[in-house]
There are 2 protein chains.
Amino acid sequence: MLGNAIIGQSGGPTAVINQSLVGVIEALTHAQKQNKIGKILGAKHGVRGIIHSDFLTLDNLSADLLERVAQTPSSALGSTRDKPDEAYCHQIFESFKKHNVQYFFYLGGNDSADTARITAEMAKANGVNLNVYHVPKTIDNDLRTTDHCPGYGSAGRFVALAHMGDDADNRSLKGIKINCVMGRDAGWLTAASALARFDENDGPHLIYVPEADFNEDKFIGDVDRIFTKLGRCVIAVSEGIRYKANDKKSLLAEKIMQGGEVDAHGNRQLSGSGALADYLTNLIKDKLGNLMATRGGGTVKLRVRGDTFGYLQRSFPTIVSETDAPEARECGRLAVQYALTAPNGLSSGSVAMKRVSESPYKIAFFPTPLDTVARLTKPLPAEWIKDGNDMTAAYMSYAKPLIGPLPRPGKLF
Amino acid sequence: MLGNAIIGQSGGPTAVINQSLVGVIEALTHAQKQNKIGKILGAKHGVRGIIHSDFLTLDNLSADLLERVAQTPSSALGSTRDKPDEAYCHQIFESFKKHNVQYFFYLGGNDSADTARITAEMAKANGVNLNVYHVPKTIDNDLRTTDHCPGYGSAGRFVALAHMGDDADNRSLKGIKINCVMGRDAGWLTAASALARFDENDGPHLIYVPEADFNEDKFIGDVDRIFTKLGRCVIAVSEGIRYKANDKKSLLAEKIMQGGEVDAHGNRQLSGSGALADYLTNLIKDKLGNLMATRGGGTVKLRVRGDTFGYLQRSFPTIVSETDAPEARECGRLAVQYALTAPNGLSSGSVAMKRVSESPYKIAFFPTPLDTVARLTKPLPAEWIKDGNDMTAAYMSYAKPLIGPLPRPGKLF
């Protein structure tokens with residue numbers, strides 16, 4: 001009896017995780033026709049669907065439906081925030097035995113890679129035949145080993161486009177504008193705002209990421225300098241910026257929320273709240289207003305606004321990166337090929353990308369052991385952060401091909 | 001000596017106000033070649049540029065630059081928040097005399113139409129030859145006389161696409177999600193979220209606009225009903241929702257901010273702050289959490305998030321409506337034609353649109369007197385609002401052709 005294959009999606013959705021899903025389904029359908037696998041099952045809401053045997057049958061789906069699913073953002077199988085421990089993984093493993101699952105494809109970030117790793121090791125220890133492949137996805141771009149992560153290019157494109165539009169807006173009606181971007185632990189997504197710039201004096205003029213310590217006095221000094229020069233300032237800030245006190249790094253957003261200054265409930269979720277942007281907006285009004293008053297300007301009324309991009313960044317339809325979508329699809333297809341052929345003896349693993357050429361941009365795919373992707377994450381390299389408030393040219397060369405070409409704005413002055 | 005023409009842009013930018021600008025420039029360039037007008041001047045930052053003689057010369061711009069400008073969101077000439085009174089209009093009038101301006105094209109909303117009206121009347125009273133045409137633009141869609149306003153279709157498209165993505169996101173990771181949409185006085189833009197729905201149970205499940213009184217108890221009851229049915233709920237809320245107390249309507253956002261519960265500075269700007277979304281998020285956590293606990297569930301942890309779309313709505317590049325862009329361009333071109341030919345004796349006026357056919361969608365343009373557009377605005381018709389929390393099919397038929405076709409999402413369950 002042929003072993004069945006199961007697919008699950010996990011964690012925060014992206015605009016192209018369904019491309020990977022469809023890539024897996026397409027390759028499995030091909031394998032099914034060649035009598036290499038049994039049924040193709042979809043687990044609803046990731047590992048949660050697996051332990052509750054809550055499955056969809058993904059056999060014989062029409063090419064038209066699959067193409068529409070591929071182009072739809074977010075996780076078509078449903079996602080989960082569950083992070084399985086050993087006991088949970090044991091339930092997954094038991095469900096696989098019960099449903100004769102021999103191939104498991106898990107689409108997600110580093111936590112999902114760890115779930116895949118534990119499950120694969122459990123199977124091996126019990127002498128059960130189970131090939132597990134992790135398919136990378138995350139807008140955070142923080143997985144190790146791979147050059148970049150499917151999902152990052154499209155979310156980065158959103159962030160760059162949003163800053164292009166917002167900079168044009170700010171040029172037209174001058175003032176100080178703060179944009180809070182997702183990324184609790186890594187600044188990759190916020191960094192993509194740098195790609196919005198075409199000409200000198202284009203915004204964002206300042207970029208703050210979690211990898212560089214955030215200092216409020218330096219921040220106000222930075223804003224003052226730009227505002228004095230240009231009469232305006234556009235600022236990209238990661239929701240995960242950290243300040244340093246007593247040699248300990250702490251999230252600024254948590255400090256604000258814990259202090260009860262904004263959120264009466266002490267909620268600490270960073271996304272889905274405008275608290276950090278509102279805090280920084282008021283900080284600028286206060287400190288920069290006072291600073292300008294001391295220079296003899298009297299009371300100064302500054303036009304300061306803060307936007308928090310929120311969930312739009314990861315699920316906005318129709319602006320997917322033309323690099324990101326096919327790469328995500330290919331990662332899905334290759335996960336199946338690797339699971340069936342076990343290249344270099346890797347019957348379980350993750351699909352990774354290597355940049356073989358910078359110009360023209362070219363990627364090679366390869367299988368990598370699960371423990372090279374699981375758990376630990378990859379921050380922005382320190383050498384790609386400039387003066388604690390900008391990105392270097394090296395980052396720009398790295399990221400440009402990932403988000404795809406942007407339309408050059410037309411300016412009259 | 002031929003009279004010169006001057007163009008200005010005013011108020012909040014849109015994604016297509018530069019289409020109108022380029023339409024005006026193209027038509028004026030044509031008239032210039034026919035020796036009908038003198039120089040083509042652009043006023044930097046609207047009326048402010050006019051009274052300070054801060055002009056750009058817009059003669060002989062390349063077609064390539066003009067096309068790029070047309071496709072760039074926001075106001076390429078710069079915008080202003082100045083709302084001229086009689087004395088200010090007198091300065092405008094004096095500047096026109098000084099610079100031999102015979103044609104004035106002002107791109108903006110109802111305030112700009114009023115500036116145009118006062119200036120035109122002043123010229124007439126002084127026996128000065130001045131033709132003034134207002135070119136409509138506003139994402140708020142609240143101008144009288146015209147069927148709809150250039151700028152609305154593209155901003156509405158952003159709001160609909162954002163809700164399509166966000167609904168897919170919410171389906172994948174269930175919870176309650178609030179999206180705050182721009183529109184201080186009218187709910188047109190928030191209403192466009194209704195177009196995100198393709199199938200039953202698609203979100204947004206609830207839509208609140210300023211034209212319907214907002215009641216917190218009814219709101220919580222609405223959310224409870226949807227959440228109990230679907231296990232999730234996506235809500236579109238206008239930043240301008242009003243509650244009624246002592247027969248007086250007041251902005252909820254102002255109440256929140258005045259109360260100092262969120263913004264320590266008592267700032268009352270509605271856009272550029274996450275205060276309303278955060279307030280409603282906490283309200284749901286509190287009240288619905290308690291409500292569910294009284295039903296015997298013990299302490300209930302609800303996943304509630306709030307996003308505020310902010311300035312992205314009006315300036316996001318690359319997702320312009322395919323109806324909106326050419327209409328905005330045509331309004332600009334026709335403003336010049338009307339100013340030069342004075343149809344029906346209207347040497348000054350505004351360009352308006354009439355819907356001559358619903359299916360297929362077809363528009364006719366016509367000139368209308370400035371006082372039919374200036375000052376007063378047009379709210380959503382009461383009969384297009386359903387149960388105080390949704391839009392009717394009639395609204396959907398009206399708005400669908402304006403935002404252009406949306407990709408049908410692919411779903412697996």
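**View 1. Residues in the contact of helices H1(A) and H12(A).** A:Gln19, A:Ser20, A:Val22, A:Gly23, A:Val24, A:Glu26, A:Ala27, A:Leu28 and A:Ala31 of H1(A) meet A:Ala325, A:Ala328, A:Arg329, A:Gly332, A:Arg333, A:Val336 and A:Leu340 of H12(A); contact means heavy atoms within 4.5 Å. Of the residues in this contact, nine are nonpolar, four polar and three charged (nonpolar: Ala, Val, Leu, Ile, Met, Phe, Trp, Tyr, Cys and Pro; charged: Asp, Glu, Lys and Arg; polar: the others, Gly among them). This is a predicted model, in which local features need pLDDT of at least 70 and side-chain atom pairs count only at pLDDT 80 or more, while totals for chains, interfaces and linings use all residues. Residues are numbered from 1 along each chain as its sequence is written, chains are lettered from A, and side-chain values use heavy atoms, without hydrogens and water.

**View 2. Packing angle of H1(A) and H12(A).** Helix H1 (residues 17–33) and helix H12 (residues 324–341) of chain A pack at about 40 degrees, their axes 7 Å apart. Axes are lines fitted to C-alpha atoms, for helices over the stretch in contact, and angles run from 0 to 180 degrees between N-to-C directions. Helices (H or I, at least four residues) and strands (E, at least two) are DSSP runs, numbered from the N terminus.

**View 3. The open sheet of chain B.** Seven strands are ordered S3-S2-S1-S4-S5-S12-S13, with mixed pairing; two strands pair if DSSP finds at least two bridges between them. Strands S3 (55–57) and S13 (362–368) of chain B stand at the edges with a single partner strand each, so one side of each has no neighbour in the sheet.

**View 4. Strands S4 and S5 of chain B.** Six bridges join the parallel strands S4 (residues 101–108) and S5 (residues 131–136) of chain B. B:Leu107 stands opposite B:Val135 in S5(B).
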